[in-house]
Amino acid sequence: MINYKIFTRVLATKLGKVAPDLLHHNQAGFMPRRQISDQTKLIRMVMASAEQSAQNRLIVSLDQEKAYDKVDHEYLWKTLEKFEFPAEFIMAVQHLYKPAKTSVMVNGVKSDTEM
């Protein structure tokens with residue numbers, strides 16, 4: 001378990017170095033030196049602009065809570081390839097996901113394991 005945690009930390013650190021260049025500047029969540037409060041300011045600016053110009057505007061806010069649990073792995077691998085991540089990095093992430101199994105413990109009772 002300790003090796004797994006160290007390895008995932010290493011991969012996350014490597015990914016963290018390139019993520020700011022890959023993600024749109026409006027992506028603020030979980031990004032160093034980016035603040036969620038910046039998004040609030042942006043929304044207020046859009047609202048003020050709409051009021052000044054008397055135009056109808058639409059704001060869409062998406063919450064991807066626990067999105068990592070719902071992403072199709074084949075889609076993830078193809079996306080990493082499209083962004084030209086090194087094959088070694090993709091394989092390392094695949095090796096973390098492929099043997100992964102999930103179970104939940106509630107009141108000391110463990111559920112069946114799911115793939």
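This is a predicted model: local features need pLDDT of at least 70, side-chain atom pairs count only at pLDDT 80 or more; totals for chains, interfaces and linings use all residues.
**Helix geometry, helix packing and a salt bridge**

Directly after H2 comes Ala54, which has a positive phi, near 55°.

Side chains of opposite charge can pair when their charged atoms come close. Asp38 and Lys41 form a salt bridge, with 4.0 Å between the closest N and O atoms. Under the criterion applied, the count of salt bridges is one.

The packing of two further helices was then examined. Two packed helices are described by the angle between their axes and the distance between the axes. For helix H3 (residues 73-82) and helix H4 (residues 87-97), the axes come within 10 Å and cross at roughly 165°. Because angles over 145 degrees count as roughly antiparallel, H3 is roughly antiparallel to H4. The crossing of H3 past H4 is right-handed. On the H3 side, the contact is made by His73, Leu76, Trp77, Leu80 and Glu81, and on the H4 side by Ile90, Val93, Gln94 and Tyr97. By class, the residues of this contact comprise six nonpolar, two polar and one charged.

Methods. Residues are numbered from 1 along each chain as its sequence is written. Side-chain values use heavy atoms; hydrogens and water are left out. Axes are lines fitted to C-alpha atoms, for helices over the stretch in contact, and angles run from 0 to 180 degrees between N-to-C directions. Helices (H or I, at least four residues) and strands (E, at least two) are DSSP runs, numbered from the N terminus. Angles under 35 degrees count as roughly parallel, over 145 as roughly antiparallel, 65 to 115 as roughly perpendicular and the rest as oblique. A crossing is left-handed if the near helix is turned anticlockwise from the far one by less than a right angle, and right-handed if clockwise. Contact means heavy atoms within 4.5 Å. Ala, Val, Leu, Ile, Met, Phe, Trp, Tyr, Cys and Pro count as nonpolar, Asp, Glu, Lys and Arg as charged, and the others, Gly among them, as polar. A salt bridge is a side-chain nitrogen of Lys or Arg within 4 Å of a carboxyl oxygen of Asp or Glu.
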